[in-house]
Amino acid sequence: MKKLNIDTVLIEMSPYSLLIYLLLKNQRELEKTLFIFNEGINLEIIEEFKKNFKNIYIFKKANKKYKKIDVCINYLKYIIFLRKIPKNVNIYSKLNLIISYPFRKLEKNYIEEGKENPYYFHEKNKEIKKIKKIYLTENAKIKEFLENKIEQIDLKELWNKKSQEEKKKILKLYNVKKDEIENLKGKKNILLTQPIEEHGSISEEYKINLYKKILKGFKMKDTIIKKHPRDKTHYEQYFEEATILNSVFPIEILDFLEVKFENVITLCSTGALNIKAKNLYYWGTEFDEKLEKEFGKVKNITILGGKESVK
């Protein structure tokens, strides 16, 4: 079986972590990368990657329509494909994905996927011992026993080091449109949504009422609602005067492009911690019993004019 002409494997399900990888690597390194995505990476992003890179593998996760035999065949095809990977490649992987399982005994690198410490980052997880390096931004939390593996990164600094051509390519991969970005400038408020109804006990109606509650007092004509990449809600039906941003690019790109806000509002999207604004309203879960029951205790963080108050 002919081996792939690669020296790195990236196994990814997060558009945000994927962005960090793009910022870390130069063009040659990207061209020598095998990108393995599951459906956590949006289809429109995948299509752009297919246009720009040769080595792409899409692992389709099982759904209710799949029969068990289909799931087995799908995974077998994946295992056979992996035989094309040369030995001694660099691996960037997540620890909690079925597509990462074949690499569990190999040394790997981990890229931050959010500001909170992932639940599988604990000493009893045998895969932790196989991690060579963890790329984290300044605000990320991590366990003390992992400190010697951390490489601290600054996303804006990495972006500024990119050439204009590299920046254009990253924006194209995420289908960022210039006119769409221009329409966001001048807006004072931005809400970052989350697909919390995916977890079963919370309905879309309940989610909308939560957002109406935390947006109370903000003028909708001055507000952008930035949908989470997996969020399927049609917010224009509920917030007619707000600007709905359906694009799937990570919110950090707005900071790269100098789009500033006065107020950032969210339930508990860690992306809000990467946006520089005068005020942050990070509601957490404790204000709502149902939300806390579903997601556990997440503290409220309010930053007004740079002064933080954790409730």
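Me: Which residues make the nonpolar surface patch here?
Reply: Met1, Leu76, Ile79 and Ile80 make that patch, and it covers about 360 Å². Keep in mind that this is a predicted model.

Me: Where does Leu76 sit?
Reply: Leu76 is in helix 4, which covers residues 68-82.

Me: OK, helices then. At what angle do helix 3 and helix 6 pack?
Reply: Helix 3 (residues 43-52) and helix 6 (residues 164-173) pack at about 135°, and their axes are 8 Å apart. That angle makes helix 3 oblique to helix 6.

Me: Which residues make the contact?
Reply: From helix 3 you get Ile45, Glu48, Phe49 and Asn52, while helix 6 brings in Lys169, Lys172 and Leu173. By class, the contact has 3 nonpolar, 1 polar and 3 charged residues.

Me: New topic: how many salt bridges are there in the whole structure?
Reply: A search turns up 15.

Me: Where in the chain are Asp7 and Arg28?
Reply: Asp7 is in the segment before strand 1 (8-12), and Arg28 is in helix 2 (residues 27-31). They're 21 residues apart, so to speak a link between distant parts of the chain.

Technical notes:
Residues are numbered from 1 along each chain as its sequence is written. This is a predicted model: local features need pLDDT of at least 70, side-chain atom pairs count only at pLDDT 80 or more; totals for chains, interfaces and linings use all residues. Side-chain values use heavy atoms; hydrogens and water are left out. Axes are lines fitted to C-alpha atoms, for helices over the stretch in contact, and angles run from 0 to 180 degrees between N-to-C directions. Helices (H or I, at least four residues) and strands (E, at least two) are DSSP runs, numbered from the N terminus. Angles under 35 degrees count as roughly parallel, over 145 as roughly antiparallel, 65 to 115 as roughly perpendicular and the rest as oblique. Contact means heavy atoms within 4.5 Å. Ala, Val, Leu, Ile, Met, Phe, Trp, Tyr, Cys and Pro count as nonpolar, Asp, Glu, Lys and Arg as charged, and the others, Gly among them, as polar. Patches are made of residues with over 30% relative accessible area and no salt bridge: like charges are joined within 9 Å, nonpolar side chains (Val, Leu, Ile, Met, Phe, Trp, Tyr) within 5 Å. Accessible areas come from the Shrake-Rupley method with a 1.4 Å probe; for residues, only the protein chains shown count as cover. A salt bridge is a side-chain nitrogen of Lys or Arg within 4 Å of a carboxyl oxygen of Asp or Glu.
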